[in-house]
Amino acid sequence: MNKKVLIVAEAEVLRSATARAVSLFDFEAVTASHNEALVKFLEEEPQAVIIWDYAEKYIGAGSEGRATYNDIKSSASPEQKIVRCGFETHDYDDYVRAPFQLEEILRKIS
């Protein structure tokens, strides 16, 4: 069975593009917007989560990633890998700054 990955992003195009990319490497992709992310996470029980739109400060629509990350991180088991993505620069081990090479994400969710 393929490893299940939840991809969270506000923009549908970003969700579908990321899902298509990870599915090329035999991951089963499930997608959600930020509003439905926690429910989808609890229902689907993915082995990994990719959270887009991560920003340290909430500046309106399109920066919900931090709240989503906090919600999911507090509900995750230690085995579940969570990766946050955004356009800022951060030194977190689980953060990937866009644009990036797909292999960088794959290493973090594998």
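This is a predicted model: local features need pLDDT of at least 70, side-chain atom pairs count only at pLDDT 80 or more; totals for chains, interfaces and linings use all residues.
**Figure 1. The whole chain, element by element.** A compact globule of 110 residues would have a radius of gyration near 13 Å, and the chain's 12 Å agrees with that. Buried residues account for 44% of the 110. Take the contacts between residues at least 6 apart in sequence: 60% of them join residues at least 24 apart. The accessible surface comes to about 6,200 Å², and carbon and sulfur atoms own 50% of it.

**Figure 2. A cluster of tyrosines.** Tyr 54, Tyr 69, Tyr 92 and Tyr 95 are linked into a cluster by ring pairs; the structure holds 4 aromatic pairs. One of them, Tyr 54 with Tyr 92, is edge-to-face, with 6.4 Å between the centres and 85° between the planes. Tyr 54 sits in the loop between β3 (48-51) and α3 (65-75), and Tyr 92 in the loop between β4 (81-86) and β5 (95-97), so this pair ties together parts that are 38 residues apart in sequence.

**Figure 3. Arg 84 over two rings.** Arg 84 lies over the face of Tyr 69, at 4.0 Å from the ring centre. Arg 84 also lies over the face of Tyr 54, at 4.9 Å from that ring's centre. Both tyrosines belong to the cluster of the previous view.

**Figure 4. Ile 51 and its surroundings.** Ile 51 lies in strand β3 and is buried, with 0% relative accessibility. Setting aside neighbours within four places in sequence, its contacts include Val 8, Thr 68, Tyr 69, Ile 72, Ile 82 and Arg 84. His 34 is in contact with Ile 51 too; the two are 17 residues apart along the chain, with 8.6 Å between their C-alpha atoms.

**Figure 5. The buried side of α4.** Which residues of helix α4 (residues 102-109) are buried? They are Ile 105, Leu 106 and Ile 109. These residues cover an arc of only 100° around the axis, so they are on the same side of α4. An α-helix has 3.6 residues a turn, so residues three or four places apart point the same way. The cover over the buried residues of α4 includes β1 (3-8), α1 (12-23), β2 (27-32), β3, β4 and β5.

Figure 6. Next comes Glu 45, in the loop between α2 (37-44) and β3, where phi is positive, near 50°, in a residue other than glycine. Glu 45 is exposed, with a relative accessible area of 57%. Asp 53, in the loop between β3 and α3, also has a positive phi, about 70°, without being a glycine. Asp 53 counts as buried, at 15% relative accessibility.

Note on methods
Residues are numbered from 1 along each chain as its sequence is written. Side-chain values use heavy atoms; hydrogens and water are left out. Rings of Phe, Tyr and Trp (its six-membered ring) pair if their centres lie within 6.5 Å; planes under 30 degrees apart count as stacked, over 60 as edge-to-face and the rest as tilted. Helices (H or I, at least four residues) and strands (E, at least two) are DSSP runs, numbered from the N terminus. A charge sits over a ring if NZ of Lys or CZ of Arg is within 6 Å of the ring centre and within 35 degrees of the ring normal. The radius of gyration is taken over C-alpha atoms; the globule rule is 2.2 Å times the number of residues to the power 0.38. Buried means under 20% relative accessible area, exposed over 50%, partly exposed in between (1.4 Å probe, protein chains only). Contact means heavy atoms within 4.5 Å. Accessible areas come from the Shrake-Rupley method with a 1.4 Å probe; for residues, only the protein chains shown count as cover. The arc is that of the directions from the helix axis to the C-beta atoms.
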